[in-house]
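Here's a quick briefing for anyone opening this structure for the first time. Take a look at it, then read on.

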Amino acid sequence: MADYQILNPYSGALIEEFDYSTREDVERAIALLVEGRRRQEATPAFERSNTLLRLAQLLLERKEQLAALITEETGKTISDSRVEIDRAYNTAIASAMEARAINGEALDSDAYPPQRDNIGVVLWKPLGTILCITPFNFPINIALHKIGPAYAAGNTILFKPGPQNKRSAELLVELCYIAGMDNSVLQLLIPDIEATSHAVAHPQVQAINFTGGTAAANAIAARAGYKKLLFELGGNDPLIVMPDGDLNAAVNAAINQRFATAGQRCTAAKRLFVHCDVFAAFSERLVSATERLKVGDPSEDDTFVGPLIHSEAADGVERRIHAAVSAGARVLCGNKRQGNILWPTVLAHVPDNVELVAQETFGPVIPLRAFETIDEVVALVNNSPFGLQAGVFTQNLTLAKQLYNRLDVGLLAVNDGPGFRAEHFPFGGVKESGVGREGVRYAIREMSYQKTLVF
Ligand SMILES: NC(=O)c1ccc[n+]([C@@H]2O[C@H](COP(=O)([O-])OP(=O)(O)OC[C@H]3O[C@@H](n4cnc5c(N)ncnc54)[C@H](O)[C@@H]3O)[C@@H](O)[C@H]2O)c1
Ligand SMILES: O=CCS(=O)(=O)O
């Protein structure tokens with residue numbers, strides 16, 4: 001039997017089965033990528049930029065094929081998959097633009113005694129070879145957020161996607177080669193965890209650029225030793241609704257940022273905090289909108305909620321919903337399952353200590369929590385090991401600024417949800433949500449080092 005079977009999360013059909021890359025494959029790939037550094041050194045920034053522009057165009061040309069692969073392997077609805085390719089196009093374009101703008105700075109030595117007459121020129125240089133490890137849920141755009149900036153900076157890349165995403169990863173890498181990346185600059189492998197760990201610890205790998213869960217991040221950090229780590233991890237992101245907030249806009253944000261991708265998004269609106277003055281009105285509108293969503297076959301254009309990635313994921317979310325109900329939560333809608341599909345579910349009066357809200361829940365479920373004061377909601381939001389992004393609906397900018405200063409997150413979106421993301425904005429969190437920043441310009445710096453010339 002093969003090492004891994006790719007099953008369609010909706011139909012359960014076998015898509016492909018394959019054997020993992022071996023430790024020897026890892027050694028061969030890294031040796032090739034070490035050679036590829038000389039090729040990168042000889043490739044000027046404008047050529048790297050033009051390659052990324054060609055890749056962006058290829059992403060658009062192959063959009064339907066890429067989107068269909070994402071839907072087939074992840075169960076993401078075809079409309080969400082198309083949006084992912086549009087986002088990946090922006091990421092590739094931003095990488096191309098930033099490749100031409102990796103500017104350093106010049107320093108004069110006369111800022112401090114003793115009197116000297118030196119000029120310092122500080123430039124950004126590539127770290128070398130980057131191991132890029134990606135999660136299942138955005139197999140193209142998250143990969144682009146690693147490959148694009150790493151390549152723009154002049155690095156070579158060992159790309160390790162999730163095994164479920166083998167086919168979309170193969171097509172992406174094929175497009176990178178067609179665009180102009182050499183196979184000594186970009187290598188795709190899907191080893192098992194042990195062989196991946198061998199790559200993590202490899203002395204010829206200078207940085208690990210990882211997106212995924214905390215458990216894997218801890219294992220990687222334990223093996224990596226003395227090298228750069230860029231971690232984009234989990235989130236338990238809040239959406240806060242104030243009495244002066246636009247309730248319809250807040251409902252739309254909750255729907256789009258919690259039920260799209262079946263809630264399997266790091267920046268999903270996983271906890272909703274609604275001021276008590278508008279709790280009833282908001283809850284009523286949210287339930288009404290939720291019950292109108294089409295649930296089912298992710299390959300149909302009008303489906304809004306498809307399946308979770310596999311049955312174990314659906315089991316876990318279903319178990320947390322049932323545990324919350326047993327602990328006193330009230331089901332306002334949903335709480336229904338068919339195969340790997342969980343109907344979008346809204347719960348009220350969820351106790352603060354149940355796993356559904358105390359931990360990151362990757363599924364289409366909204367726990368509603370009423371609050372009265374700003375101090376109360378700040379304490380509730382910050383009472384989490386995660387701190388990725390937050391959203392607040394209010395017209396009061398003084399309040400928004402207060403929340404920006406008091407919430408332990410990497411970004412606060414005003415009159416939008418925590419799922420806000422622009423590919424060129426800095427992206428990342430605090431606490432267990434990660435280390436470092438993505439977002440193209442910031443990722444380039446994370447995968448580079450500053451080298452100074454003095455004369
Ligand atoms: N912050 C972000 O940008 C972001 C984006 C998407 C997903 N995520 C997080 O990722 C998680 C869901 O994705 P997932 O289930 O694919 O995550 P995961 O951690 O199970 O796997 C992520 C990747 O790491 C690999 N991996 C797993 N264990 C490893 C180990 N010990 N050593 C090396 N590699 C290992 C997997 O094969 C996969 O390629 C959630 O926690 C979600 O919040 C974060
Ligand atoms: O899972 C989160 C990735 S993104 O959609 O916020 O970029």
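How far does a polar side-chain atom of Thr267 lie from an oxygen atom of ligand 2? The distance comes to 2.9 Å. Keep in mind that this is a predicted model. The chain splits into two domains, domain 1 (4-233 + 433-454) and domain 2 (238-426), and both of them give residues to the shell around ligand 1.

**Ligand 2**

- Eight names to look for around ligand 2 are Arg87, Asn137, Phe138, Arg265, Cys266, Thr267, Arg421 and Phe427.
- On its own, ligand 2 has 250 Å² of accessible area, and the protein covers 98% of that.
- Sorted by class, the shell around ligand 2 has three nonpolar, two polar and three charged residues.
- Domain 1 and domain 2 each supply at least three residues to this shell.

**Ligand 1**

- There are 26 residues around ligand 1, and the ones that come nearest are Thr134, Lys160, Gly213, Leu233 and Glu360.
- Lys160 uses its side chain here: one of its polar atoms lies 2.7 Å from an oxygen atom of ligand 1.
- Gly213 uses its backbone instead, with a polar atom 2.8 Å from an oxygen atom of ligand 1.
- Leu233 also brings a polar backbone atom, this one 2.7 Å from a nitrogen atom of ligand 1.
- The protein covers 83% of the 840 Å² of accessible area that ligand 1 has on its own.
- Which elements give two or more residues to this shell? They are α7 (193-201), β8 (207-211) and α8 (214-224).
- Of the elements, α8 gives the largest share of the shell, three residues.
- By class, the shell around ligand 1 is made up of 15 nonpolar, eight polar and three charged residues.

**How the two domains sit**

- Why does ligand 1 lie between the domains? Domain 1 and domain 2 both give residues to its shell, so that is where ligand 1 ends up.
- The C-alpha centres of the two domains are 30 Å apart.
- Where they touch, 29 residues of domain 1 and 30 residues of domain 2 take part in the contact.

**A look at α7**

- At the start of this helix, a side-chain oxygen of Asp192 comes within 3.2 Å of the backbone nitrogen of Glu194.
- Its buried residues are Ala195, Thr196, Ser197, His198, Ala199 and Val200.
- Those buried residues pack against α1 (23-41), β5 (129-133), β6 (156-160), β8 and α8.
- Two of those partners, β8 and α8, are also among the elements that give two or more residues to the shell around ligand 1.

**A look at Gly334**

- Where is Gly334? You'll find Gly334 in the loop between β12 (330-333) and β13 (337-338).
- Buried, exposed or partly exposed? Gly334 has 34% relative accessibility, so it counts as partly exposed.
- Leaving out residues up to four places away in sequence, Gly334 touches Trp343, Pro344 and Thr345.
- Gly296 is 38 residues away from Gly334 along the chain, and their C-alpha atoms are separated by 14 Å.

Methods. Residues numbered from 1 in each chain as written. Chains lettered and ligands numbered in written order. Predicted model: local features only at pLDDT ≥ 70, side-chain atom pairs only at ≥ 80, totals over all residues. Heavy atoms only, no water. Near = heavy atom within 4 Å. Polar contact = N/O pair within 3.5 Å; in protein donor to acceptor, adjacent residues only side chain to side chain. Areas by Shrake-Rupley, 256 points an atom, 1.4 Å probe, with all protein chains shown as cover. Helix = DSSP H or I, 4+ residues; strand = E, 2+ residues; numbered from the N terminus. Nonpolar A, V, L, I, M, F, W, Y, C, P; charged D, E, K, R; others polar. Domains from an automatic or database assignment. Buried < 20%, exposed > 50% of the residue type's maximum accessible area, 1.4 Å probe, protein only. Contact = heavy atoms within 4.5 Å.
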